[in-house]
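Here's a quick briefing to read alongside the structure.

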Amino acid sequence: MRLVIDTNILISALLSAASLPAYLILLWREGQFDLLTSFEQLDELMRVTRYPKIAERLSTAVAGRLINELRDVAIVIKNLPKVTVSPDSCDNYLLAMALTGSANFLVTGDKADLLSLKLYEGTKIVSVREFLTLNKRLP
(Lines give C-alpha, C1' and ligand atoms only; values in the text may rest on other atoms or scores of the structure.)
Protein backbone atom coordinates (compact mmCIF):
# COMPACT_ATOMS: atom_id res chain seq x y z
CA MET A 1 0.00 0.00 0.00
CA ARG A 2 1.27 3.48 -0.90
CA LEU A 3 0.43 6.68 0.97
CA VAL A 4 0.95 10.38 0.61
CA ILE A 5 0.71 12.06 4.01
CA ASP A 6 -0.03 15.78 3.96
CA THR A 7 2.51 18.01 5.64
CA ASN A 8 -0.11 19.12 8.19
CA ILE A 9 -0.37 15.51 9.41
CA LEU A 10 3.42 15.14 9.60
CA ILE A 11 3.65 18.33 11.68
CA SER A 12 0.85 17.12 13.96
CA ALA A 13 2.71 13.84 14.47
CA LEU A 14 5.82 15.75 15.54
CA LEU A 15 3.89 17.99 17.94
CA SER A 16 2.01 15.24 19.76
CA ALA A 17 3.51 11.79 20.26
CA ALA A 18 0.18 10.45 21.58
CA SER A 19 -1.87 11.47 18.53
CA LEU A 20 -3.35 9.52 15.64
CA PRO A 21 -0.92 11.24 13.23
CA ALA A 22 2.01 10.02 15.38
CA TYR A 23 0.52 6.52 15.34
CA LEU A 24 0.29 6.71 11.54
CA ILE A 25 4.01 7.56 11.36
CA LEU A 26 4.75 4.65 13.71
CA LEU A 27 2.90 2.30 11.34
CA TRP A 28 5.06 3.58 8.46
CA ARG A 29 8.22 3.04 10.50
CA GLU A 30 7.04 -0.51 11.19
CA GLY A 31 6.74 -1.11 7.43
CA GLN A 32 2.93 -1.25 7.29
CA PHE A 33 2.88 0.87 4.11
CA ASP A 34 5.16 2.74 1.72
CA LEU A 35 5.29 6.49 2.17
CA LEU A 36 5.66 8.79 -0.81
CA THR A 37 7.28 12.21 -0.53
CA SER A 38 8.90 14.77 -2.80
CA PHE A 39 11.50 17.50 -2.64
CA GLU A 40 8.58 19.96 -2.62
CA GLN A 41 7.22 18.38 0.54
CA LEU A 42 10.63 18.19 2.21
CA ASP A 43 11.12 21.90 1.47
CA GLU A 44 7.69 22.67 2.90
CA LEU A 45 8.47 20.68 6.04
CA MET A 46 11.74 22.55 6.53
CA ARG A 47 9.97 25.87 6.05
CA VAL A 48 6.95 25.14 8.26
CA THR A 49 9.00 23.73 11.15
CA ARG A 50 10.79 27.09 11.30
CA TYR A 51 7.59 29.10 11.76
CA PRO A 52 7.78 30.72 15.22
CA LYS A 53 4.54 29.08 16.43
CA ILE A 54 5.87 25.64 15.48
CA ALA A 55 9.53 26.19 16.38
CA GLU A 56 8.65 27.13 19.97
CA ARG A 57 6.95 23.75 20.42
CA LEU A 58 9.27 21.57 18.38
CA SER A 59 13.02 21.06 18.58
CA THR A 60 14.97 21.41 15.36
CA ALA A 61 16.56 18.01 16.07
CA VAL A 62 13.18 16.23 16.09
CA ALA A 63 12.05 18.00 12.93
CA GLY A 64 15.39 17.34 11.22
CA ARG A 65 15.27 13.66 12.15
CA LEU A 66 11.89 13.22 10.43
CA ILE A 67 12.99 15.17 7.36
CA ASN A 68 16.14 13.05 7.05
CA GLU A 69 14.15 9.86 7.58
CA LEU A 70 11.69 10.87 4.85
CA ARG A 71 14.53 11.68 2.46
CA ASP A 72 16.34 8.39 3.23
CA VAL A 73 13.51 5.87 3.72
CA ALA A 74 10.38 7.16 1.98
CA ILE A 75 9.95 6.90 -1.77
CA VAL A 76 10.95 10.29 -3.16
CA ILE A 77 8.87 11.22 -6.20
CA LYS A 78 10.71 13.45 -8.67
CA ASN A 79 9.57 15.51 -11.64
CA LEU A 80 6.02 16.11 -10.47
CA PRO A 81 3.53 16.88 -13.22
CA LYS A 82 1.49 20.06 -13.10
CA VAL A 83 -1.84 19.46 -11.39
CA THR A 84 -4.49 22.18 -10.97
CA VAL A 85 -7.32 20.36 -9.21
CA SER A 86 -7.27 21.55 -5.59
CA PRO A 87 -9.08 24.76 -4.64
CA ASP A 88 -5.84 25.61 -2.79
CA SER A 89 -3.04 25.70 -5.37
CA CYS A 90 -0.49 25.01 -2.61
CA ASP A 91 -1.96 21.50 -2.25
CA ASN A 92 -1.65 20.50 -5.90
CA TYR A 93 1.83 19.03 -5.44
CA LEU A 94 0.33 16.47 -3.03
CA LEU A 95 -2.10 15.38 -5.74
CA ALA A 96 0.78 15.24 -8.22
CA MET A 97 2.70 13.01 -5.79
CA ALA A 98 -0.32 10.73 -5.42
CA LEU A 99 -0.76 10.51 -9.19
CA THR A 100 2.91 9.92 -10.05
CA GLY A 101 3.50 7.51 -7.17
CA SER A 102 0.25 5.55 -7.70
CA ALA A 103 -0.80 6.22 -4.11
CA ASN A 104 -3.72 4.30 -2.68
CA PHE A 105 -4.42 7.05 -0.15
CA LEU A 106 -3.69 10.71 0.45
CA VAL A 107 -4.06 11.29 4.19
CA THR A 108 -4.82 14.87 5.16
CA GLY A 109 -6.51 17.11 7.69
CA ASP A 110 -7.41 19.71 5.05
CA LYS A 111 -11.22 19.59 5.21
CA ALA A 112 -11.94 22.62 3.04
CA ASP A 113 -9.81 21.66 0.07
CA LEU A 114 -8.38 18.15 -0.19
CA LEU A 115 -10.87 16.10 1.84
CA SER A 116 -13.72 17.63 -0.12
CA LEU A 117 -12.30 16.04 -3.30
CA LYS A 118 -12.63 12.51 -1.77
CA LEU A 119 -10.91 10.85 -4.76
CA TYR A 120 -8.31 11.86 -7.31
CA GLU A 121 -7.21 9.59 -10.18
CA GLY A 122 -7.74 6.44 -8.09
CA THR A 123 -6.27 7.86 -4.85
CA LYS A 124 -8.70 8.00 -1.93
CA ILE A 125 -8.38 11.25 0.02
CA VAL A 126 -9.10 10.59 3.69
CA SER A 127 -8.47 11.81 7.23
CA VAL A 128 -6.08 9.96 9.53
CA ARG A 129 -8.98 8.45 11.48
CA GLU A 130 -10.73 7.34 8.30
CA PHE A 131 -7.55 5.72 6.97
CA LEU A 132 -6.95 3.87 10.24
CA THR A 133 -10.58 2.75 10.40
CA LEU A 134 -10.68 1.56 6.76
CA ASN A 135 -7.49 -0.43 7.28
CA LYS A 136 -8.48 -1.78 10.73
CA ARG A 137 -5.48 -0.13 12.38
CA LEU A 138 -7.04 2.09 15.05
CA PRO A 139 -4.97 1.91 18.26
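The chain has eight helices and six strands; helices (H or I, at least four residues) and strands (E, at least two) are DSSP runs, numbered from the N terminus. Keep in mind that this is a predicted model, where local features need pLDDT of at least 70, side-chain atom pairs count only at pLDDT 80 or more, and totals for chains, interfaces and linings use all residues. Residues are numbered from 1 along each chain as its sequence is written, and side-chain values use heavy atoms, with hydrogens and water left out.

**The whole chain**

- Starting at the N terminus, the elements come in the order β-α-α-β-α-α-α-β-α-β-α-β-β-α.
- The radius of gyration is 14 Å, close to the 14 Å that the globule rule gives for 139 residues, so the chain is as compact as a globular protein of that length. That radius is taken over C-alpha atoms, and the rule is 2.2 Å times the number of residues to the power 0.38.
- Along the principal axes, the C-alpha atoms fill a box of roughly 35 × 35 × 30 Å.
- Of the 139 residues, 47% count as buried. Buried means under 20% relative accessible area, exposed means over 50%, and partly exposed is in between (1.4 Å probe, protein chains only).
- Take the contacts (heavy atoms within 4.5 Å) with a separation of 6 or more: residues 24 or more positions apart account for 62% of them.

**Helix α6 and what follows**

- How many of the nine residues of helix α6 are buried? Seven are, so this helix (residues 92-100) is largely enclosed by the rest of the structure.
- The buried ones in α6 are Asn92, Tyr93, Leu94, Leu95, Ala96, Met97 and Ala98.
- Phi of serine 102 is near 50°, which is a positive value in a residue other than glycine.
- With a relative accessible area of 53%, serine 102 is exposed.

- You'll find glutamine 32 in the loop between α2 (20-29) and β2 (34-38).
- Its relative accessibility is 30%, so glutamine 32 counts as partly exposed.
- Glutamine 32 and arginine 137 are 105 residues apart in sequence, yet 9.9 Å apart in space, C-alpha to C-alpha.
- The side chains of glutamine 32 and arginine 137 make a polar contact (3.2 Å). A polar contact is a pair of N or O atoms within 3.5 Å; within protein, one must be able to donate a hydrogen and the other to accept it, and residues adjacent in sequence count only if both atoms are side-chain atoms.
- Leaving aside neighbours within four places in sequence, glutamine 32 is in contact with Leu27 and Arg137.

**After helix α8**

- Asparagine 135 sits in the segment after α8 (128-134).
- A polar atom of the asparagine 135 side chain lies 2.9 Å from the backbone oxygen of phenylalanine 131.
- Setting aside neighbours within four places in sequence, asparagine 135 is in contact with Met1 and Phe105.
- Lysine 136 is also in the segment after α8, and its phi is near 50°, a positive value in a residue other than glycine.
- Is lysine 136 buried or exposed? At 75% relative accessibility, lysine 136 counts as exposed.
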